[in-house]
Amino acid sequence: MEAPILLSSSIPNLFSFFIFFLIIYLIAYFIIFPSWKPKLRPEASSCVISFFHGTPAVFLAVTSLLADPDRNFHSTNTPFQNMVLDYSIAYFLMDLTHYLIFYPSDVLFIGHHLATLFVFVTCRYMVYHGAYAILVLLILAEVTSFVQNTWTLANARKSDVEFAAKVYSVLSPPFYVLYSSVRGIAGPYFVYRMLSYYLSGAADSVIPRWIWVSWVFVVVTAISLSILWVSNLWVELYKEMSRKIEKKVR
């Protein structure tokens, strides 16, 4: 009886959270950014709902984990942890809808969102265990979101707004350092701990092996792509700084 009860109590939350993100997106698109170029408005609106998901999700996830004295890699999800998962599922469903409407050819981001939803949904609705691992990964993924969204908005307008160009220039190096540290050091270390625990077989009685293997595969792929992305940003920053130095020398 546990699964039907959990499902019936969760669907209203999930629907409410989705409507919340939908309203925020529409406000951003039609009220906050009506003067932005048509090709930039969807991306900017996506950043706004990410503002409302990323940092709140970090605080909610941390609070839910600290409130669970029995947390481990295969512990039963608490109601609070399930609520945080529902909140994130609703966000990714909304952002996936955004990509399907405005950027249907962006296979990479659509695939990322589908894979992320698979991890959240299986943890929340199939096995009802393992939220500790998933929420720590959520924290690591979203702890940089506020800075990243600010950087993305500045990047979108740097060519025609002087202030945006200054914000982009000042924010880029610390953002790259923070992102590289989280995705290149903290993330891989936690995944190593996660994989070591699951390989021991301690979670096999509550989390089927194919599910946790899928989780690890999705996370490793996401981290690898993130490292590749930020590496390219470092290369571009180096080239830009080199050009500035050359101009000064001349």
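Helix 7 has a kink of about 40 degrees at Ser172, shortly before Pro173. That bend is the angle between axes fitted to the seven residues ending there and the seven starting there. Just after helix 7, Gly201 has a positive phi of about 85 degrees.

This is a predicted model: local features need pLDDT of at least 70, side-chain atom pairs count only at pLDDT 80 or more, and totals for chains, interfaces and linings use all residues. Residues are numbered from 1 along each chain as its sequence is written, and side-chain values use heavy atoms, with hydrogens and water left out.

Now turn to helix 4. The axes of helix 4 and helix 5 (residues 131-142) come within 10 Å and cross at roughly 150 degrees. Axes are lines fitted to C-alpha atoms, for helices over the stretch in contact, with angles from 0 to 180 degrees between N-to-C directions. Helix 4 is therefore roughly antiparallel to helix 5 (an angle over 145 degrees). Val119, Phe120 and Cys123 of helix 4 make the contact with Ala131, Ile134 and Leu138 of helix 5 (heavy atoms within 4.5 Å).

Helix 3 (residues 79-102) also meets helix 4 (residues 107-127). Their axes come within 10 Å and cross at roughly 155 degrees. That makes helix 3 roughly antiparallel to helix 4.

Definitions and conventions
Helices (H or I, at least four residues) and strands (E, at least two) are DSSP runs, numbered from the N terminus. Angles under 35 degrees count as roughly parallel, over 145 as roughly antiparallel, 65 to 115 as roughly perpendicular and the rest as oblique.
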